[in-house]
Amino acid sequence: MKKIQISPSILSADFSQLGNEIKRLESGGADLIHVDVMDGHFVPNLTIGPPVIKALRNYTKLPFDVHLMISPVHKYIKDFANAGADIITIHPEATTNLASSIKHIKELKKKVGLSLNPDTELKVINDYLDQIDLVLIMSVYPGFGGQKFMPEVLSKIKEVKEIKKKKSYKFDIEVDGGINFSNYQSVIEAGANILVSGTTIFKENKGNLKKNIEILKTI
Ligand code: DX5
Ligand code: ZN
């Protein structure tokens, strides 16, 4: 079984202290940094873009797990790659040519993630599973932190895990949205090996990042 990795979402961090927050996450045992990019078009919220990612790049050596909730996404991929993204995850609905966007990310020597919204079926990305590094399964509708986990996605996580096993694919299974201390174990049991969390990590136990990350790694 792959080691469980934690990718805290900085969407729930103190935006006036993002550099220091990233340092606190690293010393708290985070494995990746989940950066939620929102454009107010693909999702009804606006966050950060390449200049902020560039400014944060030197605060940590941890991989930037960049979740692009933007559309059209293709023309911005290079900017995020140059800003310091290590994993670039896009939503299939956000590009007119998924194969070309995947190829573009690979040509930039970055890892490729594809994200499935709760109502996007796995078959939408079936043809690409052999060439990607990450499947990001949304357990909330994207746009905001602090939403309630949607348990109906557990069956989708199991479905992704099954096809990965059957075809010996290499991609990681990351789950994102509403993960807390009472549901994370069922998410891992369903097949996730990377957990994204914002609210639980930054708010539980009086914001004790190390303790909260440790708990999410304990099965
Ligand atoms: C939602 C983002 C998630 C979110 C996770 O659109 O993609 O990464 O920030 O935050 P919590 O853990 O608070 O649901
Ligand atoms: Zn996210």
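How many of the 5 residues of strand S7 are buried? The answer is 5 of the 5, so S7 (residues 172-176) is largely enclosed by the rest of the structure; buried means under 20% relative accessible area, exposed over 50%, and partly exposed in between, with a 1.4 Å probe and protein chains only. Please keep in mind that this is a predicted model, where local features need pLDDT of at least 70, side-chain atom pairs count only at pLDDT 80 or more, and totals for chains, interfaces and linings use all residues. Residues are numbered from 1 along each chain as its sequence is written, chains are lettered from A and ligands numbered from 1 in the order in which they are written, and side-chain values use heavy atoms, leaving out hydrogens and water.

**The chain as a whole**
- The chain has 8 helices and 8 strands (DSSP runs numbered from the N terminus: helices are H or I with at least four residues, strands are E with at least two).
- Its radius of gyration is 16 Å, close to the 17 Å that the globule rule gives for 219 residues, so the chain is as compact as a globular protein of that length (the radius is taken over C-alpha atoms, and the rule is 2.2 Å times the number of residues to the power 0.38).
- Of the 219 residues, 56% are buried.
- Among contacts with a separation of 6 or more, 64% are between residues 24 or more positions apart (contact means heavy atoms within 4.5 Å).

**Around strand S7**
- Asp172, Glu174 and Asp176 point one way from S7, while Ile173 and Val175 point the other way, and all are buried.
- In a regular strand the side chains alternate between the two faces of the sheet.
- Strand S6 (residues 134-138) runs parallel to S7 and is joined to it by 5 bridges (two strands pair if DSSP finds at least two bridges between them).
- Leu134 has Asp172 in S7 as its bridge partner.

**Loops to look at**
- Asp127 sits in the loop between strand S5 (111-116) and S6, and Asp127 is exposed, with a relative accessible area of 62%.
- Lys109, in the loop between helix H4 (98-107) and S5, is exposed at 73% relative accessible area.
- Lys109 has a positive phi near 65° in a residue other than glycine.
- Ser168 lies in the loop between helix H5 (154-167) and S7, and its phi is near 50°, a positive value in a residue other than glycine.
- Pro72 is in the loop between strand S3 (64-69) and helix H3 (77-83), and the peptide bond from Ser71 to Pro72 is cis, with omega near -5°.
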